[in-house]
2 protein chains.
Amino acid sequence: MAKHPSKLDLGDYLPYLVNRVGTIIADQFGVEALAPHGLSIAMWRVIAVLASAGQQRQIDLAELTSTDASTLSRLVSRLIRMGQVTRTRSANSNREVVVKLSAKGQTLVARLIPIARDYEAAAIAGISAQELAVLKRCLRRAYENMKSKNVARVEQRETREGQSRLNAAPGFR
Amino acid sequence: MAKHPSKLDLGDYLPYLVNRVGTIIADQFGVEALAPHGLSIAMWRVIAVLASAGQQRQIDLAELTSTDASTLSRLVSRLIRMGQVTRTRSANSNREVVVKLSAKGQTLVARLIPIARDYEAAAIAGISAQELAVLKRCLRRAYENMKSKNVARVEQRETREGQSRLNAAPGFR
DNA sequence: GCAGAATAGTTGATAATGCATCTGTTGTAA
DNA sequence: TTACAACAGATGCATTATCAACTATTCTGC
């Protein structure tokens, strides 16, 4: 029962399992459903979020798609060139920008969503509704766990920096 | 109860949940545990597989790490330069190559594995043993589902190509 | 045993990504 | 109000990934 702490069984290691499933679904969906439309998985994530949650600031899009802000900026530029989204200055702030689906983008997403559902259905074939509920709930929980772990870490770091700032003397790096 | 087929609720969409969890764990582990050793997540996947499953051919490493073969080739080259792995001609085939951990690589992995376990533990905090078992089993099942979907598709494509090859005439692209 | 297909691996050209940095804007504390 | 920090976004640059093409082996059917 007791596992050796420096031995790793990847077949039972959650991050490995998660990565494998995520990759295989994304790869297949990307090649079969997105590539014919000239879309990458990264682009799909952007338009899927816009379809699901409505127009967004780029910074929020970055958060929601787990994409770096600079990558997202260029991603949006590409999607604009393709005519799938628009980028307009925000009404309430001149430094913010609002990204939304164009009519063309809405049409495309509406076509892709049923296909995306098919891939999800294929992935969860043979899994009962109860198990599926557990699966999704655990994934949401795991995400929240890591999220708050991260917050705790950032706060801790900021506190440390604050203290060292207090102790800092000129010429003392 | 009936959901609109062209509307997508990402918070309940498995590929989205999986991607978010995979990304947040990998990002944190990468920054906090791997970067100090000059390792990327991609490199970690390689050495973790080697630690878990022993020496491998590159093609199998590519499969096990969900990495493209050409990417993996260069990844191994980098790991060799860092002294973490070795690449030797296979005993039974001159076109195959065997990648294994060096002594240095073994030491490094042995240090990282307990930390990797900690991250897994942080992710699954508050999830019962029963739920965890369901979670992992479902992920393995989903992977197998997509795997066999892919095989079916490849076989189908090969059959189609075979037929068009039969029908193909010279000068007919 | 031999021609042709399949396989393992590498490499070149190109594109995507991530980090640091920059600009411009907004929030905030004195 | 006025500095100054924090924030949103864009961009330069270096690194990395991707796809196709290529070399070198091995397998297969005849």
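Visitor: What should I know before reading it?
Guide: This is a predicted model, in which local features need pLDDT of at least 70 and side-chain atom pairs count only at pLDDT 80 or more, while totals for chains, interfaces and linings use all residues. Residues are numbered from 1 along each chain as its sequence is written, and chains are lettered from A and ligands numbered from 1 in the order in which they are written.

Visitor: What pLDDT does chain A average?
Guide: Chain A averages a pLDDT of 88, and 84% of the residues score at least 70. The term pLDDT is the predictor's confidence in each residue, from 0 to 100.

Visitor: And where does pLDDT stay under 50 in chain A?
Guide: That applies to residues 158-173 of chain A, for which the model has 0 contacts beyond four places in sequence. Two residues are in contact if their C-beta atoms, placed from the backbone, lie within 7 Å.

Visitor: How many helices and strands does chain A have?
Guide: Chain A has 6 helices and 3 strands, in the order α-α-β-α-α-β-β-α-α from the N terminus. Helices (H or I, at least four residues) and strands (E, at least two) are DSSP runs, numbered from the N terminus.

Visitor: In which order do the strands of the sheet lie?
Guide: The open sheet of chain A has the order β1-β3-β2, with antiparallel pairing; two strands pair if DSSP finds at least two bridges between them. Because β1 (56-57) and β2 (85-89) of chain A stand at the edges with a single partner strand each, one side of each has no neighbour in the sheet. Between β1(A) and β3(A) there are 2 bridges, and Q56(A) has V99(A) as its bridge partner.

Visitor: Changing topic, which residues are closest to DNA strand D?
Guide: The closest are Q58(A), I59(A), S70(A), S73(A) and N94(B), out of 19 residues that surround DNA strand D. A residue is near a strand if its C-beta atom, placed from the backbone, lies within 6 Å of it.

Visitor: Which element gives the most to that surface near DNA strand D?
Guide: The helix α4(A) gives the most, with 4 residues.

Visitor: Lastly, how many residues of chain A are in contact with chain B?
Guide: There are 52 residues of chain A in contact with 52 residues of chain B. On the chain A side, the largest share, 15 residues, comes from α6(A).
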